[in-house]
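Q: I would like to learn how to read single features of a structure, one at a time. Could we walk through a few together?

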Amino acid sequence: MTFDAPLRDYADPTLHAQGLWIGGQWLHGGGIPVTNPSTGRPIAEVADAGVAEAMAAVDAADAAAAGWRATPPRQRSEILRRIFTRMTEEAEALAHLIALENGKALPDARGEVAYAAEFFRWYSEEATRIPGEFRRTPSGSHNILVDHEPIGISILITPWNFPAAMATRKIGPALAAGCTVILKPASETPLTAYAMARLAEEAGVPPGVINVITTTRPGPVTAAMLADPRVRKLSFTGSTGVGRTLLAEAAKTVVSCSMELGGNAPFLVFDDADLNAALDGAMVAKMRNAGEACTAANRFYVQDGIHDAFVAGLAARMAAMTVGPGTDPATQCGPMITAKAVQKIDRLVSDAVARGACVVTGGVPLDGEGFYYPPTVLENVPQDAPIAHEEIFGPVAPVYRFQTEAEAITLANATEYGLAAYVYSTDLTRALRVSKAIETGMVGLNRGLMSDPAAPFGGVKQSGLGREGGVTGILEFMEPKYLAIDF
Ligand code: NAP
């Protein structure tokens with residue numbers, strides 16, 4: 001495998017120590033092995049920050065804060081635009097790096113890099129359009145002037161499933177707003193984050209504006225940073241369980257929180273749906289990232305009249321997928337992130353089968369090196385099976401039969417999550433009615449993919465707080481300031 005020069009160090013498996021990126025300096029060290037999920041073998045090692053290094057990152061973000069806040073929006077915008085350009089120039093190397101440390105298939109990795117870079121382009125545009133407000137009070141007593149100010153030092157914590165995009169979806173708006181940040185990527189996929197820090201530096205981001213730390217002690221390290229009064233924002237993407245813990249921690253110093261948490265997306269197919277369109281959408285909604293996406297279709301509810309044709313079509317497409325190493329150009333479905341992830345999927349499937357579910361295709365973990373689970377379709381899954389309620393995070397499609405629209409809506413809403421949902425119907429009135437009735441932050445209407453930098457991404461219920469992307473994403477990193485004015 002060859003890489004362009006600026007990224008070569010990060011992808012070179014023989015280089016066994018990567019530093020923390022603090023204040024524009026590499027602080028070399030080791031302690032966190034990075035594994036290639038396609039082989040199960042280590043490929044690199046990154047430094048393990050303790051509380052002292054985390055506080056050094058807060059100091060660096062603080063030292064850079066006043067200068068970055070005072071940088072004119074146009075100048076911030078141009079720097080963000082240059083990061084977009086650098087990421088686009090290095091897209092192929094970045095995609096290989098993601099495929100290497102995350103395991104996702106190259107087409108998925110390429111799609112992620114393009115999506116991730118777009119957040120810098122979008123927020124380079126939004127940086128110059130920060131809204132304000134001026135109005136007279138209804139009583140005429142005075143005037144109201146509302147300015148938006150950068151919220152302050154922001155901690156960004158991201159998961160392993162989109163190592164580039166989950167970070168840029170936070171860094172883009174934070175920098176556009178005028179905040180300095182400390183990014184803590186997932187321990188499984190830190191190399192992409194460090195590579196992007198380097199690209200950002202090349203694009204002209206001043207030292208200390210972006211800091212990156214990795215740690216094996218995320219709890220105490222994050223708690224120490226949140227306890228520092230200079231830190232005013234926590235933006236987290238990850239599981240609902242960790243999100244709850246962090247909300248409790250942030251409550252101690254009343255730090256503003258944005259939370260992008262777990263999902264359990266229903267995928268509804270009505271009798272009047274276009275079958276081929278529904279199957280195309282199902283493959284995207286289920287198999288992007290081999291099912292390791294928060295928006296992944298987790299429960300397929302298919303109406304009685306179209307159920308059997310849908311199951312047969314989905315099973316044929318799933319069975320035809322090429323499973324293999326992420327970096328192999330022929331691969332369509334890469335490995336899971338860890339052996340533990342395979343065990344969890346196996347437990348959910350075995351349990352469903354023990355309760356009466358039928359395996360239409362797949363259903364057994366693959367032997368050999370690496371962490372592989374095959375594309376799987378289950379039918380006749382009972383509602384009391386854990387797979388009907390838990391986030392699968394893998395290439396397994398459980399299909400449930402329903403009779404009426406009301407029944408489908410009740411089933412779709414029977415979850416503590418509310419991130420994404422999919423509705424397939426050619427009856428526009430029904431499609432809109434059902435979309436409104438589902439308790440969710442986002443709906444794919446006759447579409448298997450909804451993510452876009454210009455759209456507000458986020459969930460309701462226990463899937464999160466706040467939105468990323470779109471025109472409101474920048475406001476997550478700003479505070480309105482109201483001036484009452486007499487003149
Ligand atoms: P996770 O276990 O919650 O970890 C996410 C991040 O939190 C990692 O960087 C992790 O660090 C860190 N972390 C873990 N415990 C922590 C603690 N006590 N204090 C501070 N940080 C802590 O989630 P994951 O397994 O990486 O990701 C999968 C989950 O993310 C799924 O539930 C998925 O739905 C969700 N997700 C949501 C969205 C969305 O936009 N709503 C997008 C993508 C993923 P370590 O790696 O060092 O443990």
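Q: Where does V254 lie?

A: V254 is in the loop between α9 (240-251) and β11 (256-260). Keep in mind that this is a predicted model.

Q: What is the phi of V254?

A: Phi of V254 is positive, about 50 degrees, although V254 is not a glycine.

Q: Does V254 count as buried or exposed?

A: The cut-off for exposed is over 50% relative accessible area. V254 has 64% relative accessibility, so V254 counts as exposed.

Q: Which residue other than glycine has a positive phi near 50 degrees?

A: K461 is one of them, with phi near 50 degrees. K461 sits in the loop between β18 (442-445) and β19 (464-465). Its relative accessible area is 35%, so K461 is partly exposed.

Q: What does K461 have to do with T415?

A: The two touch: T415 is in contact with N264, R299 and K461, not counting residues up to four places away in sequence. T415 itself belongs to the loop between α13 (405-413) and β17 (420-424). With a relative accessible area of 14%, T415 is buried.

Q: Which residue does UniProt list for "active site"?

A: The UniProt record, an unreviewed entry, lists E260 for "active site". Such annotations may be inferred rather than shown by experiment. In this model, E260 is found in strand β11.

Q: Is E260 buried or exposed, and what is its relative accessible area?

A: E260 is buried, with a relative accessible area of 4%.

Q: Which residues is E260 in contact with, leaving aside its neighbours within four places in sequence?

A: There are R169, F236, T237 and G238, then L419, and then F457, G458, G459, S463, G466, R467 and E468.

Q: Let's turn to helices. How are two packed helices described?

A: By two values: the angle between their axes and the distance between the axes. Take helix α4 (residues 91-102) and helix α5 (residues 106-126): they pack at an angle of about 125 degrees, and their axes are 8 Å apart. That angle makes α4 oblique to α5. The crossing in which α4 passes α5 is right-handed.

Q: Which residues make the contact of α4 with α5?

A: From α4 come A91, E92, L94, A95, H96, I98 and A99, while α5 brings L106, A109, R110, E112 and V113. Sorted by class, the residues of this contact are eight nonpolar, one polar and three charged.

Q: At what angle do helix α3 and α5 pack, and how far apart are their axes?

A: Helix α3 (residues 73-89) and α5 pack at an angle of about 165 degrees, with axes 7 Å apart. Angles over 145 degrees count as roughly antiparallel, and α3 and α5 are therefore roughly antiparallel to each other. Their crossing is left-handed.

Q: Which residues make the contact of α3 with α5?

A: On the α3 side they are S77, L80, R81, I83, F84, M87 and T88. On the α5 side they are V113, A116, A117, E118, F120, R121, Y123, S124 and E125. By class, this contact has nine nonpolar, three polar and four charged residues.

Notes
Residues numbered from 1 in each chain as written. Predicted model: local features only at pLDDT ≥ 70, side-chain atom pairs only at ≥ 80, totals over all residues. Heavy atoms only, no water. Axes fitted to C-alpha atoms, helices over the stretch in contact; angles between N-to-C directions. Helix = DSSP H or I, 4+ residues; strand = E, 2+ residues; numbered from the N terminus. Parallel < 35°, antiparallel > 145°, perpendicular 65-115°, else oblique. Left-handed = near helix turned anticlockwise from the far one by under 90°. Contact = heavy atoms within 4.5 Å. Nonpolar A, V, L, I, M, F, W, Y, C, P; charged D, E, K, R; others polar. Buried < 20%, exposed > 50% of the residue type's maximum accessible area, 1.4 Å probe, protein only.
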